[in-house]
Amino acid sequence: MSEEKCTITLEVDTSLKGKMELAAEVLGTDIAGVVTEAVSIFFRKLVTDGKIPVEASYTFLKDTEAETEYSLEDPDALNDKYALTLKDKKGFGKSQIKNAEKAEQGDPKAQNVIGTYYEGGNGVAKDYDRAIYWYTKAAEQGNSNAQYHLGVLYNKAKNNPLMAYMWFEVAKMCGFNITAIHKDYIMRLADSLSSRQITAAQDKAKKKFEAIQKRQA
């Protein structure tokens, strides 16, 4: 993805100066910081309204941001210690038992459902690691819902926006319906990443998508 930089020049009504100074005091910044935040909010609205492609937001206001290191690997994601146990199944209802049986047989839709059980604590104790395990099993088979769930969990539970962004990209490639709400969520996630990290995540997502396609061929 090519990058373009631009300079934004704003003419601010002097009658607003008092309000801006008050906003700066509340936000703990200066007037320039208030203007930057206002532009950022307006920019987000343009993206979520579909007037600017979400890709255009990736490098917006990133020039001075420090880069935090995140991993694009989770070697523990498919650890069989997170598989279903007899204790787990005892807490399931009839429909949940059926989904458990299908999931263990490799059905990606059922595996995604089992992931939601663990993520939400439905019939079992809430366990994000087990949710990731089942979502990953489904996601590797091309289930876009599971891929999106993984994006949310890696950001929320693992504090790894890079891995989250990668899975959102895979979900998009696999046909997940990215709504305006999803775009806004992903864009806010991307704001915590550098351009280099965005590119790395996109490259990894492309390779994962290609692997999924080969598996399904």
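**Close-up views of a helical chain**

**View 1.** Leaving aside its neighbours within four places in sequence, Q111 is in contact (heavy atoms within 4.5 Å) with A103, G106, W134, K137, A138 and Q141. The model shown here and in the other views is predicted: local features need pLDDT of at least 70, side-chain atom pairs count only at pLDDT 80 or more, and totals for chains, interfaces and linings use all residues. Residues are numbered from 1 along each chain as its sequence is written, and side-chain values use heavy atoms, with hydrogens and water left out. Q111 sits in helix α5, residues 108-120; helices (H or I, at least four residues) and strands (E, at least two) are DSSP runs, numbered from the N terminus. Is Q111 buried or exposed? Q111 is buried, because its relative accessible area is 4%; the cut-offs are under 20% for buried, over 50% for exposed and in between for partly exposed, with a 1.4 Å probe and protein chains only. Its side chain reaches the backbone nitrogen of A138 at 3.4 Å.

**View 2.** The chain as a whole has 10 helices and zero strands. Read from the N terminus, its elements run α-α-α-α-α-α-α-α-α-α. Of the 217 residues in the chain, 39% are buried. Among contacts in the chain with a separation of 6 or more, 64% are between residues 24 or more positions apart.

**View 3.** The largest nonpolar core has 44 residues, and those with the most contacts inside it are I114, Y154, Y165, M166 and W167. Two or more residues of this core are given by each of α4 (94-104), α5, α6 (128-139), α7 (144-156), α8 (161-173), α9 and α10 (195-216). The largest share, nine residues, comes from α8. A nonpolar core is a set of buried Ala, Val, Leu, Ile, Met, Phe, Trp, Tyr and Cys residues joined through side-chain atoms within 4.5 Å. In soluble globular proteins, nonpolar side chains tend to be buried together. Not counting residues up to four places away in sequence, W167 touches A139, E140, Q147, L150, G151, Y154 and K208.

**View 4.** Q147 of helix α7 is buried, because its relative accessible area is 0%. Apart from neighbours within four places in sequence, Q147 is in contact with A139, G142, W167, V170, A171, C174 and I212. Which backbone atom does the side chain of Q147 reach? The side chain of Q147 reaches the backbone oxygen of A139, at 3.1 Å. V170 is 23 residues from Q147 along the chain, and the C-alpha atoms of these two residues are separated by 6.8 Å.

**View 5.** The axes of α6 and α7 come within 8 Å and cross at roughly 150°. Such axes are lines fitted to C-alpha atoms, for helices over the stretch in contact, and angles run from 0 to 180 degrees between N-to-C directions. The crossing of α6 and α7 is left-handed; this term applies if the near helix is turned anticlockwise from the far one by less than a right angle, and right-handed applies if clockwise. On the α6 side, the contact is made by Y128, A131, I132, Y135, T136, A138 and A139, and on the α7 side by A146, Q147, H149, L150, L153, Y154 and K156. These residues divide into 10 nonpolar, three polar and one charged, where Ala, Val, Leu, Ile, Met, Phe, Trp, Tyr, Cys and Pro count as nonpolar, Asp, Glu, Lys and Arg as charged, and the others, Gly among them, as polar.

**View 6.** H182 lies in helix α9, residues 180-190. H182 counts as buried because its relative accessible area is 17%. Its side chain makes a polar contact with the side chain of T179 at 3.0 Å. A polar contact is a pair of N or O atoms within 3.5 Å; within protein, one must be able to donate a hydrogen and the other to accept it, and residues adjacent in sequence count only if both atoms are side-chain atoms. H182 also touches Y148, F176 and N177, with residues up to four places away in sequence not counted.

**View 7.** E73 is placed in the loop between α2 (31-48) and α3 (86-90). E73 counts as exposed because its relative accessibility is 53%. Leaving aside neighbours within four places in sequence, E73 is in contact with M163 and K204. The side chains of E73 and K204 make a polar contact (2.9 Å). E73 and M163 are 90 residues apart in sequence, and 7.5 Å apart in space from C-alpha to C-alpha.

**View 8.** N159 lies in the loop between α7 and α8. Although N159 is not a glycine, it has a positive phi of about 55°. N159 counts as exposed because its relative accessibility is 56%.
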